[in-house]
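I opened this model to go through its strands, a few loop residues and its charged pairs. My notes follow in the order I looked things up.

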Amino acid sequence: MRDPMGDAMNGTSKWAVAASVATVLGVQAMGQQAATVQTTGIQTAPVAKRVIVVSLEDRKLALVEDGQVKKVYTVAVGKPTTPSPTGTFTIARRVKNPTYSHNGKTVLPGPGNPVGTRWMGLSVQGYGIHGTNEPRSIGKAASHGCIRMAQKDLEEMYELVSVGDTVELIGQRNEETAQLFGGEQKPVVAGAQEPLLTASAAPAATTTTTTEAATEGVAVTSN
């Protein structure tokens, strides 16, 4: 003979178990939903695309970020006997307060250092964007091929760029430089002489970069 009380208790027990299972499943579903929301809420900040454009003819440098001009600086470029290279390169190295080394001569960091307080070495050996101990040369074709900047401009731009940023050195004014620096693009005339001598150079092989702290005061070799 069946026990009505037992059947009732069994029914209650089954209902309790079912309710417990539903609660557990509900909590798990909520946890999964929360995890999904948390995961989808994490977004990686986009990396800005920077290009440094130097017009050797205009003796101007433009820092372009994501297609927008951030800064324009007046610079010194290579003189006719030691022209600046032309082409597309990258920033391969950044050094604060570099020690200058050239032809066996070494100059420690300080006011007399020929490359100033910052060095941004390009992916072509011996060339870089740097300061100068001859501030009157800015705006002229006066360097040994590197791009010189005034100290204030140099230190400002140094903080705005990174290793790997593209550097375009353009010898003759074209549509791009006309848009960046004003003026008109010069027509190409057969047999016409370049207003500024340039030296073509292939980018050097990519080298392993070091941390910012490790580049404080290290020696750089410049043309």
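I began at the hairpin of strand 2 and strand 3 in this predicted model. There are 2 residues between the strands. Asp-66 takes a positive phi near 50° there. I then checked the pairing itself. Strand 2 covers residues 60-65, runs antiparallel to strand 3 and is joined to it by 6 bridges. Lys-60 stands opposite Thr-74 of strand 3.

Next I asked which other strands strand 3 is joined to. One is strand 10 (residues 147-149), antiparallel, with 2 bridges. Here I found Ala-76 opposite Arg-148. Another is strand 9 (residues 141-143), which runs parallel to strand 3, also with 2 bridges. In that pair, Val-77 faces Ala-141.

Then I went to the loop between strand 3 (68-78) and strand 4 (85-96), where Ser-84 is found. Is Ser-84 buried or exposed? I noted it as buried, because its relative accessibility is 2% and the cut-off for buried is under 20%. I looked for what its side chain touches. The side chain of Ser-84 reaches the backbone nitrogen of Gly-78 at 2.8 Å. A polar atom of that side chain also lies 2.9 Å from the backbone oxygen of Gly-145.

I looked up two asparagines with positive phi. Asn-97 has a phi of about 45° although it is not a glycine. Asn-97 is in the loop between strand 4 and strand 5 (99-102). It is partly exposed, at 29% relative accessible area. Asn-103 has a positive phi of about 50°, and it is not a glycine either. I placed Asn-103 in the loop between strand 5 and strand 6 (105-107). Asn-103 is exposed, at 73%.

On to helix 2 (residues 151-158). Leu-154, Met-157 and Tyr-158 are buried there. They cover an arc of only 105° around the axis, so they lie on the same side of helix 2. The charged end of Arg-94 sits over its ring, 4.0 Å from the centre. The charged end of Arg-118 sits over the ring of Tyr-158 as well, 5.4 Å from the centre. I also searched for aromatic pairs and found 0 in the structure.

Last, the charges. How many salt bridges does the structure hold? I recorded 8. One of them joins the side chains of Asp-58 and Arg-173, at 2.7 Å from N to O. Asp-58 is in the loop between strand 1 (50-55) and strand 2, and Arg-173 in the loop between strand 11 (166-170) and helix 3 (175-181), so the pair ties together parts 115 residues apart in sequence. Both Asp-58 and Arg-173 are buried.

I then checked Glu-159 and Lys-96, which meet in a salt bridge at 4.0 Å, N to O. Glu-159 lies in the loop between helix 2 and strand 11 and Lys-96 in strand 4, so this pair ties together parts 63 residues apart in sequence. Glu-159 is exposed at 51%, while Lys-96 is partly exposed at 24%.

Arg-148 came up again. Its side chain meets that of Glu-134 in a salt bridge at 3.7 Å, N to O. Arg-148 is buried at 8%, whereas Glu-134 is partly exposed at 45%.

Key. Residues numbered from 1 in each chain as written. Predicted model: local features only at pLDDT ≥ 70, side-chain atom pairs only at ≥ 80, totals over all residues. Heavy atoms only, no water. Helix = DSSP H or I, 4+ residues; strand = E, 2+ residues; numbered from the N terminus. Buried < 20%, exposed > 50% of the residue type's maximum accessible area, 1.4 Å probe, protein only. Polar contact = N/O pair within 3.5 Å; in protein donor to acceptor, adjacent residues only side chain to side chain. Pairing = 2+ DSSP bridges. Arc of directions from axis to C-beta. Phe/Tyr/Trp six-rings, centres within 6.5 Å; stacked < 30°, edge-to-face > 60°. Lys NZ or Arg CZ within 6 Å of the ring centre and 35° of its normal.
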